[in-house]
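Trainee: I have a chain on my screen and would like to learn how to read it. Where do we begin?

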Amino acid sequence: MFLVGSSSHTLHRLRILPLLLLLQTLERGLGRASPAGAPLEDVVIERYHIPRACPREVQMGDFVRYHYNGTFEDGKKFDSSYDRSTLVAIVVGVGRLITGMDRGLMGMCVNERRRLIVPPHLGYGSIGVAGLIPPDATLYFDVVLLDVWNKADTVQSTILLRPPYCPRMVQNSDFVRYHYNGTLLDGTAFDNSYSRNHTYNTYVGQGYIIPGMDQGLQGACIGERRRITVPPHLAYGENGTGDKIPGSAVLIFDVHVIDFHNPSDPVEIKTLSRPPENCNETSKIGDFIRYHYNCSLLDGTRLFSSHDYEAPQEITLGANKVIEGLDRGLQGMCVGERRQLIVPPHLAHGENGARGVPGSAVLLFEVELVSREDGLPTGYLFVWYQDPSTSLFEDMDLNKDGEVPPEEFSSFIKAQVNEGKGRLMPGQDPDKTISDMFQNQDRNQDGKITAEELKLKSDEDQERVHEEL
Ligand SMILES: [Ca+2]
Ligand SMILES: [Ca+2]
């Protein structure tokens, strides 16, 4: 008849065992399996299912949620929470339940199943309940516990996996991207981010999320997995929310932190290696540079790489050609230097992300500066190192016919470059640049430049300044 769970807790076991012996004796002697002839002094607890994990047992003053079936000795049902499809949600051990139930729930684990035999004096006594429970009735309850917490509970954070490298932990006002799996204490799933295939993104400690999560995410590392157990007064309270989170429910969030940053974060720059010789000049705004890069998310997801292409990436620094964080991180580098850059989203692709980049994602770059050239001032295609010749047109007009066609112009400019007298805008095919220069000078677009048409840009700019004045 009665079974005592193998891992039954000693207090109950000690109390139950003598009773069991007594009952077995009665059974043999009287030939029936009923305690009716022997008035019970205390509630009999039969723990017929004890879950393997029991991080917490019910104590006096705890708030519990449970289902039960109530029957008489003959098996006739007198009450059931299942019939009402509502769990009992109540504080236990403080006299709000019949004493037999108050005592019988003590020490219970979530998902444990118990049978309680409650003698009349711990139930409804010699009066009973009119129309429901006769006088002096022994009551049998089959109970399953689904939730337990206490109003003194705080948020519990248990680290399940912490990455070995954790240079920084989540603190107030950080913006965190994480995945989570949400369950009730009894294991019922209520929500998760994985099914949406999208991280949950939020500021922490600012009241955007339930207080329990605001607290529970503090101190987490990037890549960390932690279990955050939130009592209802720090979650959705007595009313719950939606159809998945009942009132007064403890919530468990198994969280995987993908990345986090703070809106005040700059680009984080770490030099990985530098060429052994000193470099006199480092990259600066306006420079034309070539660089290699690998770009990934902080969880290691690879996004882009210049090594997928034949040549390194080329940009003019400060020209808005790449995300701001990368532009900043590429400044001040020696040729040959390698750096790691951690770029927060406000200096990358922002809240919306970009193709292949999730919104609000922190990016990790490894960059190597391959080459660096001084750039030209904005709008210039060619600059002289010194003052140009005073007889510029005559020098260009190689056959002295008073006209400079594209061929003469191109030969002349290339000769200046070769002789080290000037240089063309870097990062563009020289022939294209020279062709653009020719178009600029051939004011009437007749395919040749005359002495009247030829003007230096610096002179032009001067004239324009005068006009404005
Ligand atoms: Ca000519
Ligand atoms: Ca012309």
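Mentor: Begin with contact: two residues are in contact if their C-beta atoms, placed from the backbone, lie within 7 Å. This is a predicted model, so local features need pLDDT of at least 70, side-chain atom pairs count only at pLDDT 80 or more, and totals for chains, interfaces and linings use all residues. Residues are numbered from 1 along each chain as its sequence is written, while chains are lettered from A and ligands numbered from 1 in the order in which they are written.

Trainee: Which residues does Gly 329 touch, not counting residues up to four places away in sequence?

Mentor: Gly 329 touches Val 267, Ile 269, Arg 339, Leu 341, Val 343, Phe 365 and Val 367. Take Val 267: it is 62 residues from Gly 329 in sequence, yet their C-alpha atoms are 6.7 Å apart.

Trainee: Where is Gly 329 found?

Mentor: Helices (H or I, at least four residues) and strands (E, at least two) are DSSP runs, numbered from the N terminus. Gly 329 is in helix α5, residues 324–329.

Trainee: Is Gly 329 buried or exposed?

Mentor: A residue is buried if 20 or more other C-beta atoms lie within 10 Å of its own, exposed if 12 or fewer, and partly exposed in between. Gly 329 has 25 such neighbours, so it counts as buried. Leu 185 has 21 and is buried too. Of the 469 residues of the protein chain, 29% count as buried.

Trainee: Where is the place of Leu 185, and what does it touch?

Mentor: Leu 185 sits in the loop between β8 and β9 (189–192). Leaving out residues up to four places away in sequence, Leu 185 touches Val 110, Leu 146, Asp 147, Val 250 and Ile 252. Thr 390 is another matter: its C-alpha atom is 88 Å from that of Leu 185, and 205 residues separate them along the chain.

Trainee: How many residues does the largest nonpolar core have?

Mentor: In soluble globular proteins, nonpolar side chains tend to be buried together. A nonpolar core is a set of buried Ala, Val, Leu, Ile, Met, Phe, Trp, Tyr and Cys residues joined through C-beta atoms within 7 Å. The largest here has 53 residues, and Leu 145, Val 230 and Val 257 have the most contacts inside it. Elements giving two or more residues to this core include β1 (44–49), β6 (139–149) and β12 (251–261). β6 gives the most, with eight residues.

Trainee: Why does this core lie between domain 1 and domain 2?

Mentor: Domain bounds come from an automatic or database domain assignment. Domain 1 (10–149) and domain 2 (156–261) both give residues to this core, so it lies between them.

Trainee: Now for helix length. What span should helix α7 have?

Mentor: The expected span of a helix is 1.5 Å times one less than its number of residues. Helix α7 (residues 406–418) has 13 residues, so it should span 18 Å; its end C-alpha atoms are 18 Å apart, which agrees. Just after α7, Gly 420 takes a positive phi of about 75°.

Trainee: How many helices and strands are there in the protein chain?

Mentor: The protein chain has nine helices and 20 strands. Its radius of gyration (taken over C-alpha atoms; the globule rule is 2.2 Å times the number of residues to the power 0.38) is 40 Å, well over the 23 Å that the rule gives for 469 residues, so the chain is more spread out than a compact globule. Along the principal axes, its C-alpha atoms fill a box of roughly 135 × 45 × 35 Å.
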